[in-house]
Amino acid sequence: MLENDKAKLIWDFEFKLRKTTTSRRPDLILEEKDEKKIWICDMACPQQRNLEKKRDEKRTNYRQLAFEMRERRPEYFITIVPVVIGALGGGMKHAMKEMAKLFKSQELVVKTAAEMQKVILLDSETLLRKVLSGQVQSD
């Protein structure tokens, strides 16, 4: 966790909720204290054909967490931000739209999206090489 007088950034933290749910550990929670906003961010990298399904799944999974956060902190505006980029780098238009909720500068959104896409493509290439060489069994 990182915190100063303006913002708080939480990662790798499991929230305790009243209702039993498996989605209690988002990738990031960003809190902006001055503007009284909290963003629940969760990222995924599914196959291209599952992009929309995964995006909807992320929103649905974190509704309970957002609901309980609103109850505990009614003065804050809570937003769920699913950043979903396909395993082959697709879906960037939606991902950039979601990231725009986090960044005030469009330039920063574009740079961050480009870096994320590059990492995903390199990891997909590495996995493909392992599968083709027989180091990893494919489904």
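## Ground rules

Residues are numbered from 1 along each chain as its sequence is written. In this predicted model, local features need pLDDT of at least 70, side-chain atom pairs count only at pLDDT 80 or more, totals for chains, interfaces and linings use all residues, and side-chain values use heavy atoms, without hydrogens and water.

The largest nonpolar core has 13 residues. Such a core is a set of buried Ala, Val, Leu, Ile, Met, Phe, Trp, Tyr and Cys residues joined through side-chain atoms within 4.5 Å. Buried means under 20% relative accessible area, exposed over 50%, partly exposed in between (1.4 Å probe, protein chains only). Phe-15, Ile-29 and Leu-65 are among the residues with the most contacts inside this core. Helix H2 (63-72) gives the most, with three residues. Helices (H or I, at least four residues) and strands (E, at least two) are DSSP runs, numbered from the N terminus.

Apart from this core lies another, of 11 residues, including Met-92 and Met-99.

## Helix H3

Helix H3 covers residues 92-99. Met-92, Ala-95, Glu-98 and Met-99 are buried there.

## The aromatic pair

The structure holds one aromatic pair. Phe-13 and Phe-15 sit 4.9 Å apart, centre to centre, with 85 degrees between the planes. That is edge-to-face. Ring centres must lie within 6.5 Å; planes under 30 degrees apart count as stacked, over 60 as edge-to-face and the rest as tilted. Phe-13 is partly exposed at 41% relative accessibility, while Phe-15 is buried at 10%.

Terms used: Rings of Phe, Tyr and Trp (its six-membered ring) pair if their centres lie within 6.5 Å; planes under 30 degrees apart count as stacked, over 60 as edge-to-face and the rest as tilted.
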